[in-house]
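Here is a short briefing on charge pairing and chain contact. Please keep the sequence and the model open while reading.

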Amino acid sequence: MTADTELDLWRAQWRSCSEIAVAADLSRRVERQSRWMRIMLIVDVLVTVGIGGTVAAAAVLFPNTDNIVLAVATWLFIASAWFFAAINHRGMWKPETSTTAAFLDISLRRCRARLRATVFGAFLYVTEIAFCLMWLYHYHSQRQVLTLGTFLTWNSILAVWLVTLVLLVAWVRYRRAKSRELAQLRQLSQELNQA
Amino acid sequence: VLEERFERLLQANGPSLARLAASYTANASDRDDLLQDIATALWGALPHFRGECSERTFLFRVAHNRAIAHLVRSRSLGSVILDEVEVPDTRPDPEAGLSERQQGQRLLAAVHKLPVMYRQVMTLLLEGLAYSEMADILGIAESNVVVRLNRARQMLRRLLEEKK
């Protein structure tokens, strides 16, 4: 069999996999998913503006030291998070339309960036929690007799420890998944560069 | 206009995309997930398409990139290794000849078994793309495409012989 005849036969067989069809409602599902992703992005921005706006409004309406410190610290946290995100994702433009080789390269960089983000996220979370606890303790100890031990065992503070524990488990799992993904990306990159 | 263009692209290339998705996934559910992933990426990328390449090249770039991402995800989750995927032989009688559809399934199973770099070029070849288009999609030199294709064809031939 000559090469071209063989290829023609393969192509005919390939196209005969006709039972594989695109679901009729695929485009509707895609539109729904895109809408949902846009809503999530808006929610992210709204939460940031909501928290930042509330503490800023409190500092303007009731300008005491506590409120001003809280507003400044909150906006510092927000700014540092956005600044890190901007630096960390620099040069990682939407790669869907790039060549496969370029896509793989960007995927590797994105995966490393996500791993870096987990470290920064953990650092930011610990700093925020430490600040919030100190602020709350200071705020309440001015109004009542309160020992640190009592404060740290309040139900609302225990809920913070619980949430922290859940987040820690999620953080470890996410980092493991991303590390595995990075290993697979490296392996695939090697496989594709063998030829 | 964007919705119409998207619908038209999906309609015209649906079977090609579905075959490509099938060559990167182990089962129908994974294939549908990948197809939706491709369609979502296409929806997002379409507004940025300025005609720097043909629509087909653009489409296959998006599809191959999503397939690569899917492959990495499924490998890192420890899902079914594609090399182990088998399409069941549905022949009622071993003596009877295979129908074209069954031969298609056999070919798909063999393409599954190709290493990724050969699977990429082979799926594009089977879809009828030119060497220059393949080079443009994969981001490799045309000479490299030819080398990969030669090896891919030899491997595929051998795999199909083994299956007979």
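Predicted model: local features only at pLDDT ≥ 70, side-chain atom pairs only at ≥ 80, totals over all residues.

Residues are numbered from 1 along each chain as its sequence is written, chains are lettered from A and ligands numbered from 1 in the order in which they are written, and side-chain values use heavy atoms, with hydrogens and water left out.

**Interface of chain B and chain A**

- Chain B and chain A bury about 4700 Å² between them. Buried area here is the accessible area (1.4 Å probe) that two parts lose on being put together, summed over both.
- Carbon and sulfur atoms give 61% of that area.
- B:Arg19, B:Asn65 and B:Leu126 supply 13% of the area that chain B buries against chain A, more than any other three residues.
- The contact (heavy atoms within 4.5 Å) takes 59 residues from chain B and 42 residues from chain A.
- Nine residue pairs are in polar contact across this interface, both residues at pLDDT 80 or more. A polar contact is a pair of N or O atoms within 3.5 Å; within protein, one must be able to donate a hydrogen and the other to accept it, and residues adjacent in sequence count only if both atoms are side-chain atoms.
- On the side of chain B that touches chain A, H1, H2, H3, H4 (100–112), H5, H6 and H7 (142–163) each supply at least two residues. H3(B) gives the largest share, 12 residues.
- Helices are DSSP runs (H or I, at least four residues), numbered from the N terminus.

**Salt bridges**

- There are 12 salt bridges over all chains. The rule asks for a side-chain nitrogen of Lys or Arg within 4 Å of a carboxyl oxygen of Asp or Glu.
- Two salt bridges are counted between chain B and chain A. One salt bridge joins A:Glu6 and B:Arg153 (3.3 Å, N to O).
- B:Arg8 pairs with B:Glu55 in a salt bridge, with the closest N and O atoms 3.2 Å apart. B:Arg8 lies in helix H1 (residues 2–24) of chain B and B:Glu55 in helix H3 (residues 55–76) of chain B, so the pair ties together parts that are 47 residues apart in sequence.
- B:Arg8 is partly exposed at 43% relative accessibility, and B:Glu55 is partly exposed at 26%. Buried means under 20% relative accessible area, exposed over 50%, partly exposed in between (1.4 Å probe, protein chains only).
- B:Glu127 and B:Arg19 form a salt bridge (2.9 Å, N to O). Both B:Glu127 and B:Arg19 are buried.
- B:Arg73 forms a salt bridge with B:Asp37, the closest N and O atoms being 3.4 Å apart. B:Arg73 lies in helix H3 of chain B and B:Asp37 in helix H2 (residues 28–45) of chain B, so the pair ties together parts that are 36 residues apart in sequence.

- A:Asp66 is found in helix H3 (residues 65–88) of chain A.
- A:Asp66 is buried but has no salt bridge. The nearest side chain of opposite charge, A:Arg143, is 4.4 Å away.
- Lys and Arg count as positive and Asp and Glu as negative; His and the chain ends are not counted.
- Beyond its neighbours within four places in sequence, A:Asp66 is in contact with A:Trp135, A:His138, A:Tyr139, A:Gln142 and A:Arg143.

**Cysteines**

- Zero disulfides (cysteine sulfur atoms within 2.5 Å) are found over all chains.
- A:Cys111 is buried at 0% relative accessibility. B:Cys53 is buried, with a relative accessible area of 14%.
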